[in-house]
Amino acid sequence: MQLMPTMGAVVTLRDTPGQHVGRVIQLAKDSTSTVKVSWPQARSRQWHSIEDLEGALQPGHHVIHVPDGLTQSSLGLGVVISQREVAGYRQYLLDFQEADSRRWIPWQHLKLVPDVLESLAVSRFEQKYELAPERLRLRILAWALKLWNENTGSLAQFDINPLPHQIQLVHHLLQHSYNINWLIADDVGLGKTIELGLLLAALRQRGRAKRVLLITPAGLTGQWKDAMKGKFGIDDFRIYGRDFEINDDPREWKMYDAVIASMDRLKHESHRDLIMQADPWDLIVVDEAHRLTRQENGNKYHYSQRYQLLRILRRKTDSLVLLTATPHQGRDDSFRGLLELLHPERRSEINTLDANPEILSEMVFRNNKANVTDMEGNFLFHGTTVRQIEVDTSPALIAFDLALQKYIRLGYAAGNADGTYIGRAIGFVMTVYRKLAASSVTAIHQALIRRHGRLLKALEEQASIRKAWEALKIQDEDDSIDERFVGEIEEQLAAQAPAKAFFHGELDTLEELIIQAQSLLQADPKLEAFLNGIVTQVSQYGEQEKLLVFTEYRSTQACLRDSLEARFGRGCCALIHGGMDVDERKAAINCFEEDIDVRFLVSTEAGGEGINLHERCHVMVNFDLPWNPMRLVQRIGRLYRYGQTKRVVVFNMHQTDTADEQVLDILYSRLDKVAEDMATVQADEYNERMKDDVIGDLAELLDVGSILQEAAHSNIDRTRENIDEALAAAARSAKLQKDLFQYASSYDPDEVKNELSLTGNHTKALVKGCADLLGIEIIEQSHRGEVWHLRLPEEILDDIGITRSRWAMSFDRAIAARRKEFLYASLDNWLMTYLLDFACQHEPRGVLAITPGIGDQAVLASVARWQTPAGERARQELALFGVTGKRAILNPEWASQWLLEPQARQDAETAINATPDPSRAIVALETAEHRIEQLLRHRSHARMIPDQPQWVAAGWLLKPSIKSTHQ
């Protein structure tokens with residue numbers, strides 16, 4: 001028994017195949033296997049038994065697959081390639097271009113639809129369909145939005161607003177290669193996390209990132225998991241060693257497709273052997289990739305364990321992405337090692353990098369703060385105002401500092417003399433006390449009191465102490481320690497130091513120091529300078545001015561909160577610290593931004609990364625200066641970022657008469673001077689934006705830990721020399737990086753200038769146009785037009801399978817993030833998916849139309865496609881051509897605006913009169929075909945070869961006499 005054919009199936013009679021070709025126009029209402037067929041040649045309509053019919057499709061025909069039953073999905077639009085007969089069933093091989101697949105389908109499930117090129121060639125426009133111009137616009141608009149999102153990931157449901165340089169980076173990587181093997185080396189603060197999230201979103205849209213392994217430094221695993229979930233809604237990442245373990249059965253890896261793992265955990269043999277038994281990964285990503293070091297010694301290489309891990313894992317993936325702001329670090333051998341991980345097949349070229357540095361354009365992508373812009377082309381970063389606040393000291397403070405330094409030297413000496421874990425603990429505690437003293441009198445006073453109380457204890461569980469300090473020793477391999485919270489962890493561990501005296505007479509020394517510190521609390525000059533100087537000065541901007549304050553330690557944070565609330569009232573201050581979970585930190589940020597009574601946010605380093613406060617605040621105070629300058633750069637990045645409408649003002653507080661504060665003052669003043677010198681591009685031309693780039697480079701390259709450790713035992717002149725030497729080395733490394741990276745790929749707005757310019761207004765235009773055609777009521781618009789309240793008709797509710805008819809859709813990410821009940825108008829929410837499918841479908845019509853408003857004689861839209869040498873889909877993008885005569889412009893300037901404007905219903909008689917002579921239509925068609933051939937050829941290379949384009953729509957200007965607006 002034959003299958004029942006679908007409406008629109010193309011048939012012929014079995015007895016006289018090919019003599020007459022008709023279409024099925026009606027199915028019998030009863031159970032009989034009969035259909036009515038329209039025979040155009042005979043100008044007749046007749047009923048036939050399906051046993052008397054067979055398919056009559058020909059190669060090149062365009063058809064729609066009609067599924068068998070409501071539970072099946074259509075395969076979409078296909079092109080007939082060939083036919084076959086199997087056991088009395090005629091089947092057609094179809095190329096489903098959008099799905100990138102070929103299937104044999106019985107003729108009964110195929111419906112012939114108009115082919116754009118053939119219809120245009122014979123001028124078969126939809127003159128009698130009054131909605132044809134609007135359907136044409138929506139069809140092209142939907143395709144443009146879908147493919148732009150596929151190539152950039154930027155229109156998905158994210159809790160971020162992607163910037164042009166981030167979108168273009170993803171666009172570039174996906175355009176220039178199928179397998180993604182790149183080093184992303186953007187400056188600190190330019191959003192490598194966002195770039196990776198966009199890349200993952202785009203790859204997932206293509207079905208190419210199901211299995212992803214993200215390797216990070218120890219302590220950042222949780223931060224990456226939070227970022228992927230919070231910013232991109234990618235919530236399937238699991239942390240190896242925390243969320244799950246793999247024991248003896250490697251088949252358990254099949255349960256985890258998105259894995260985050262510490263590089264220092266995986267580098268150990270037991271874990272490395274386990275990960276190598278997992279199935280191959282679609283993509284492996286390594287954060288802070290500069291930690292993968294390889295040293296060359298003549299013809300021999302020394303591989304670090306981390307590097308060796310990646311050499312082995314490279315066999316498990318075709319795509320590897322390395323992330324680091326400092327890939328070179330002044331070491332050619334390590335840098336070449338990173339490139340070799342990406343492209344082991346190009347080892348000989350990489351080894352001669354000096355002779356052919358241009359190969360970096362195919363391996364490295366680097367953006368600088370000085371060059372990136374917003375959507376309107378304005379520079380994002382305009383510099384900062386940094387003011388050094390020198391705090392007056394008192395004789396009592398100087399005396400206390402001298403006494404404390406003596407205590408610290410005695411402690412260091414005792415630690416050096418003890419080779420056990422206790423010796424390491426003593427040295428650690430002394431270093432922490434120096435940092436606490438530089439932070440605040442309160443912080444060191446409380447630390448000394450805790451130490452004094454611990455010595456007074458008669459009994460102590462030494463085993464637990466040893467366990468704590470052994471944990472400190474391996475903290476760089478412990479996933480549970482987040483690097484943002486090191487200061488707070490140091491403060492806690494110092495309080496748990498062994499109860500045994502570090503040296504003879506320590507208890508008496510502590511008692512004297514505590515008395516001295518207690519007296520200083522009554523008139524703390526640093527705290528007074530903050531309250532009476534900075535806070536008062538900031539208040540002059542206005543009572544609603546917000547102030548962000550950073551400190552490294554919880555005790556200083558508590559002191560600042562108490563002091564601010566004593567002066568400005570309880571509740572004036574919000575806090576962020578490492579003891580808060582993600583939701584608590586978000587609540588504190590919202591309180592600071594939204595509550596007019598909360599004027600201050602006091603944060604430890606827990607707020608130094610991952611939070612953005614630029615919308616409501618532009619003034620920052622660093623109550624203490626971190627020993628690691630990179631932390632200061634990261635702090636400033638909370639305010640100094642895209643969207644900041646005011647100049648960022650930073651106050652750095654320090655007391656230069658104390659020993660360690662003096663060292664920090666030298667360090668930061670020298671750093672600023674070297675950065676300023678390097679930012680002078682010519683003899684008298686100083687680039688402030690470049691200075692910010694240079695400071696970030698130097699801070700990342702600068703090794704100051706050992707200098708500050710040695711400063712406790714050196715005079716100030718020797719310390720100054722050490723700082724100058726370290727800065728000179730960092731400056732040389734930064735210069736090497738700059739010279740080399742001029743060959744890397746970077747932000748180039750011209751790269752996407754020939755693409756359609758799409759904005760949030762285009763998403764609104766699609767929703768509005770589809771709503772009008774589908775009967776969706778826009779009840780009201782709120783939030784300055786960024787939230788639309790919709791009522792869906794019964795037909796759509798039935799189609800989607802929901803009962804609730806009223807929904808609010810937000811076109812603003814920030815609003816949608818705050819109001820979870822709002823649908824964000826991303827292309828991956830269920831309602832937008834429905835509207836896109838409606839707009840893109842071949843029916844109801846909108847494929848060929850006479851349309852007003854276009855700036856050329858004709859508009860033709862095609863999906864240009866490329867494939868890998870293995871025949872897999874590599875890339876697709878919308879190519880819209882404005883055609884006048886024999887000239888075709890790719891994505892002409894008028895197109896973006898035309899896609900925004902609803903098209904009026906057409907008058908059939910007017911449209912018929914405007915229909916072009918077939919000869920003119922053929923010229924337009926041939927011109928567009930020639931132009932897309934050029935595009936396909938121009939964008940092709942050895943790893944991305946042209947595929948057959950798919951023409952999706954064409955329109956002809958309603959008034960052909962109007963001259964093109966494109967010159």
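**A friendly note on two spots in this model**

1. Let's start where two helices touch: Arg 135, Leu 138, Arg 139, Ala 142, Trp 143 and Lys 146 of helix 2 meet Leu 836, Phe 838, Ala 839 and Cys 840 of helix 28. Sorted by class, this contact holds 7 nonpolar residues, 3 charged ones and no polar ones. Please keep in mind as you look that this is a predicted model.

2. Now for the geometry of that pair. Helix 2 covers residues 132-152 and helix 28 covers residues 830-840; they pack at an angle of about 125°, and their axes lie 8 Å apart. The two helices are therefore oblique to each other, and their crossing is left-handed.

3. Next, follow helix 28 itself. At its start, a side-chain oxygen of Asn 829 comes to within 2.9 Å of the backbone nitrogen of Leu 831. Leu 831 is also one of the buried residues of helix 28, together with Met 832, Leu 835, Leu 836, Phe 838, Ala 839 and Cys 840.

4. Finally, have a look at Arg 451, which sits in helix 13 (residues 441-456). Is Arg 451 buried or exposed? Its relative accessible area is 2%, so Arg 451 counts as buried, the cut-off being under 20%. The side chain of Arg 451 makes a polar contact, at 2.9 Å, with the side chain of Glu 506. Setting aside neighbours within four places in sequence, Arg 451 touches several other residues, including Tyr 407, Tyr 433, Pro 498, Phe 502 and Leu 510.

How values were computed: Residues numbered from 1 in each chain as written. Predicted model: local features only at pLDDT ≥ 70, side-chain atom pairs only at ≥ 80, totals over all residues. Heavy atoms only, no water. Axes fitted to C-alpha atoms, helices over the stretch in contact; angles between N-to-C directions. Helix = DSSP H or I, 4+ residues; strand = E, 2+ residues; numbered from the N terminus. Parallel < 35°, antiparallel > 145°, perpendicular 65-115°, else oblique. Left-handed = near helix turned anticlockwise from the far one by under 90°. Contact = heavy atoms within 4.5 Å. Nonpolar A, V, L, I, M, F, W, Y, C, P; charged D, E, K, R; others polar. Buried < 20%, exposed > 50% of the residue type's maximum accessible area, 1.4 Å probe, protein only. Polar contact = N/O pair within 3.5 Å; in protein donor to acceptor, adjacent residues only side chain to side chain.
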